Amino acid sequence: MKARVHVMLKNGVLDPQGEAVKHALGAIGFAGVDGVRQGKVIELDLADGTDEATIGQMCEKLLANTVIESYTIEVL
Amino acid sequence: MRAAVIVFPGSNCDRDMKVALEQAGADVHMVWHKDADLPEGVDLVAVPGGFSFGDYLRCGAIAAQSPICQAVVRHAEAGGYVLGVCNGFQVLTETGLLPGALMRNAGLKFVSKTIDLTVETENSVFTSGYRAGDTLRIPVAHHDGNYVADTSLAARLVDEDRVAFRYSAPLNGSVDNIAGVLSENRRVLGMMPHPERAIDALHGRTDGQAMFRALVEATVAA
């Protein structure tokens with residue numbers, strides 16, 4: 001089975017990279033980009049039957065830093 | 001005083017740290033990240049700068065899961081001293097020994113220069129060789145030194161006198177210009193600037209020496 005973990009900076013945490021991307025989009029002529037947030041997508045190839053709670057522990061322990069990041073799990 | 005310097009794949013300030021501690025009189029042991037235990041009788045663990053595990057995933061995240069880091073956490077929980085510099089600071093926040101997190105510099109650029117650093121408290125062994133308000137000249141070299149703490153944590157750090165150092169001028173976006181923080185028991189210090197790079201006349205400055213001397217004196221006395 002596969003799962004996909006999305007890791008994003010929490011709302012309220014300034015994302016300097018997202019800001020830079022936003023400015024770059026404006027600079028090449030895309031008007032109306034009000035905000036850009038950059039995150040990570042991590043694809044996991046897992047033993048069949050791995051439960052979502054276990055994937056949650058992976059996120060809590062390693063894949064995300066929950067001080068600044070939030071995550072969502074998508075079982076594929 | 002017996003000190004351990006942790007070595008991860010990608011550490012690059014480990015030898016400088018060893019030299020700085022030895023110069024102050026410490027007996028220094030280099031400890032590989034796969035070791036599960038610290039050498040017997042270690043007073044201080046130093047987690048050095050560098051790019052442990054290539055900074056993959058997040059700076060310090062993979063190092064924080066290594067076997068030796070569990071021993072470092074046990075050492076800290078038993079009241080031992082821990083100093084994390086640069087990547088070492090990132091590792092200590094990832095282990096949870098220090099609060100907050102370190103993000104990409106607000107200006108997105110790697111900063112490598114010598115900066116003015118203000119000592120904010122004398123109330124820790126690490127900073128007892130300075131006076132609060134002293135300005136030190138210490139090198140920084142980092143890409144992810146932007147210290148993030150929410151409003152309540154930032155206020156708590158100030159209330160509890162746990163901000164050890166501040167940048168004298170904004171450098172990397174850190175909240176309240178925080179450059180170094182102490183644990184609740186004041187025995188764990190994480191800081192982005194490199195005191196071990198300011199310990200010899202040939203470095204240009206020796207402002208970092210007082211930290212290592214104070215650490216050695218405190219643990220000899222104990």
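Predicted model: local features only at pLDDT ≥ 70, side-chain atom pairs only at ≥ 80, totals over all residues.
View 1. Strand E1 (residues 2-9) of chain A is joined to E2(A) by six bridges in the antiparallel sense, and two strands are taken to pair if DSSP finds at least two bridges between them. The open sheet to which they belong has three strands in the order E2-E1-E3 (chain A), with antiparallel pairing. Because strand E2 (40-45) and strand E3 (69-75) of chain A stand at the edges with a single partner strand each, one side of each has no neighbour in the sheet. From one strand to the next, the twist averages 20 degrees. Residues are numbered from 1 along each chain as its sequence is written, and chains are lettered from A and ligands numbered from 1 in the order in which they are written. Local features need pLDDT of at least 70 and side-chain atom pairs count only at pLDDT 80 or more, whereas totals for chains, interfaces and linings use all residues.

**View 2. Helix H2 of chain A and the outline of the chain.** Helix H2 (residues 52-63) of chain A lies across E1, E2 and E3 of chain A and runs at about 150 degrees to E3(A); axes are lines fitted to C-alpha atoms, for helices over the stretch in contact, and angles run from 0 to 180 degrees between N-to-C directions. Contact between two residues requires that their C-beta atoms, placed from the backbone, lie within 7 Å. Along the sequence, chain A follows the pattern β-α-β-α-β. The radius of gyration of chain A is 16 Å, well over the 11 Å that the globule rule gives for 76 residues, so chain A is more spread out than a compact globule; the radius is taken over C-alpha atoms, and the rule is 2.2 Å times the number of residues to the power 0.38. Taken along the principal axes, the C-alpha atoms of chain A fill a box of roughly 45 × 25 × 15 Å.

**View 3. The contact between chain A and chain B.** Eight residues of chain A are in contact with 12 residues of chain B. Helix H1 (residues 16-27) of chain A provides the largest share of the side of chain A that touches chain B, namely three residues. By class, this side of chain A has six nonpolar, two polar and no charged residues, with Ala, Val, Leu, Ile, Met, Phe, Trp, Tyr, Cys and Pro counted as nonpolar, Asp, Glu, Lys and Arg as charged, and the others, Gly among them, as polar.

**View 4. The nine-stranded sheet of chain B.** The strands of this open sheet follow the order E2-E1-E3-E4-E11-E10-E9-E6-E7 (chain B), with mixed pairing. Strand E2 (27-32) and strand E7 (135-142) of chain B stand at the edges with a single partner strand each, so one side of each is left without a neighbour in the sheet. Strand E1 (residues 2-7) of chain B runs parallel to E2(B), joined by six bridges, and Ala3(B) has Val28(B) as its bridge partner in E2(B).

**View 5. Ile68(B) in helix H2 of chain B.** Ile68(B) lies in helix H2 (residues 67-77) of chain B and is buried, with 23 other C-beta atoms within 10 Å (buried means 20 or more, exposed 12 or fewer, and partly exposed in between, with C-beta atoms placed from the backbone). Not counting residues up to four places away in sequence, Ile68(B) touches Ile6(B), Val31(B), His33(B) and Asp35(B). The C-alpha atoms of Ile68(B) and Ile6(B) are separated by 7.9 Å, although these residues are 62 apart along the chain.

Notes. Helix = DSSP H or I, 4+ residues; strand = E, 2+ residues; numbered from the N terminus.
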